Amino acid sequence: MSDAQTSQNVLTKLHDIAEMAAANSEWTFSNISYRINPELLHEAYKQTRKNGAPGIDRVTAEEYAINLEENLANLHEKLVKGQYKAPPVKRVWIDKEDGKKRPIGLPAFEDKIVQRAVTMVLNPIYETDFYPFSYGFRKGFSTHQAVYALRQNCIKLNANWIVDADVSGFFDNLDHSILRELISKRVTDKGICRLIGKWLNAGVLEENILSYPEKGTPQGGVISPLLANIYLHYVLDDWYIKEVRPRMKGRSFLIRYADDFVLGFEYEEDARRFLAVLPKRFNRFGLDINESKTSLINFSRPARDSRISKGESTFDFLGFTFYRGKTLRGGYTIKKRTAKKRLSRFMKSLWIWCRNNRHMPLKEQYMKLCSKLRGHYQYYGVRCNYEALAKVYDYSYQAWRYWLSRRCHKGNIIWEKFTKSIKEHFQLPVPRIIHSI
């Protein structure tokens with residue numbers, strides 16, 4: 001059977017699960033682990049990233065692919081017999097924009113395949129339950145759609161008050177027992193639940209020290225985003241739709257991307273009532289709202305003749321700062337720009353990269369810088385944000401010039417040569433608006 005036929009068979013079977021889930025929102029699935037057959041494992045392998053860092057067993061995707069069919073057959077046999085053991089997750093730390101560190105888990109490659117297979121089986125079930133305002137880690141949803149929906153809801157629903165909330169260490173504080181209880185609302189299959197339990201209790205290896213956290217799910221795991229969405233679907237989304245919104249006097253909305261979420265309210269009274277009960281709701285599920293990073297913002301429309309600066313009545317979401325800005329006709333509309341922390345972090349990374357790679361051949365530096373700038377434009381190239389893009393463009397030249405001039409003591413000569421080369425061969429990509437939303 002060809003790969004195309006295999007993929008089509010897998011999609012057909014997953015579609016059947018979705019239809020059953022959509023037919024009855026109260027249906028619990030008690031026998032779906034048999035769906036993880038050799039065909040689905042092969043498809044899961046195809047969908048698993050091959051360029052990720054290896055896990056604790058140091059087996060790369062290339063090495064695993066040498067005897068792929070045999071490896072997948074052995075993996076399927078272990079799953080059928082219940083003999084599969086989830087290896088510990090290797091933990092590394094990456095820098096955050098506030099100077100702190102964020103833990104990232106690196107599962108073994110074979111474990112990624114199993115996690116992908118389970119995710120493929122569970123996704124059709126939960127996609128019928130998830131609400132359309134949940135944008136994180138879902139097929140067909142993106143950060144830019146969330147940004148667009150946030151702006152549109154603010155305008156259409158006359159959102160004068162914004163609740164910008166922050167969950168403290170969400171991925172590190174998921175309660176395992178509560179997560180299992182929430183999953184059991186839709187899935188009671190013993191094989192699936194056993195595998196999830198193995199991943200939650202697999203342990204974390206950090207600097208050759210193995211530990212077994214009682215809470216949390218490692219960031220970087222293939223199944224972690226789905227588990228996070230399931231958790232917050234019941235903790236926040238379903239609660240908001242069924243209990244919060246019906247009690248509001250005015251209109252309101254919720255936009256969530258993973259554990260980042262913003263709520264808009266028409267009336268201040270509704271916003272304050274919600275903000276008062278939000279910590280209690282999350283505490284019931286073992287989570288804490290970071291009060292120092294959670295705020296209530298007066299986002300009401302200014303009078304046409306009022307004077308406001310960009311720093312007033314703003315909030316950040318997914319790397320963008322939302323603010324009320326003037327239109328060409330003198331009124332006000334909702335605009336967005338790159339958040340200061342994100343802008344500062346990117347420019348700092350450019351500076352460090354130019355410093356560390358100043359002795360690299362000029363053409364290679366140019367290609368790398370072009371790639372970095374295009375990636376930045378690809379995400380932040382939205383309407384009303386050209387000024388921030390231009391700032392990055394100008395800064396990239398400054399950083400490049402500064403560190404190239406220090407390749408030797410003849411800085412002026414280097415810069416003259418650099419300027420001439422730029423005009424002829426090395427023009428960096430200019431800022432442009434990619435997303436018209």
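User: What stands opposite Gly264 in β7?
Analyst: Phe253 does. This is a predicted model, where local features need pLDDT of at least 70, side-chain atom pairs count only at pLDDT 80 or more, and totals for chains, interfaces and linings use all residues. Residues are numbered from 1 along each chain as its sequence is written, and side-chain values use heavy atoms, leaving out hydrogens and water.

User: How many bridges pair β6 and β7?
Analyst: 6, in the antiparallel sense. Strands are DSSP runs of E, at least two residues, and helices are runs of H or I, at least four, numbered from the N terminus; two strands pair if DSSP finds at least two bridges between them.

User: What about the turn of that hairpin?
Analyst: There are 2 residues between β6 and β7, and Ala258 in the turn has a positive phi of about 55 degrees.

User: Which residue in β7 is the bridge partner of Ile162?
Analyst: Gly264. Strand β3 (residues 161-165) runs antiparallel to β7, joined by 5 bridges.

User: What is the strand order in the sheet?
Analyst: β6-β7-β3-β8, an open sheet with antiparallel pairing. The edge strands, β6 and β8, each pair on one side only.

User: Is β7 mostly covered or exposed?
Analyst: Mostly covered: 5 of its 6 residues are buried, meaning under 20% relative accessible area with a 1.4 Å probe, protein chains only.

User: Switching topic, which helix lies across β3, β6 and β7?
Analyst: Helix α6 (residues 143-156), running at about 165 degrees to β6. Axes are lines fitted to C-alpha atoms, for helices over the stretch in contact (heavy atoms within 4.5 Å), and angles run from 0 to 180 degrees between N-to-C directions.

Terms used:
Buried means under 20% relative accessible area, exposed over 50%, partly exposed in between (1.4 Å probe, protein chains only).
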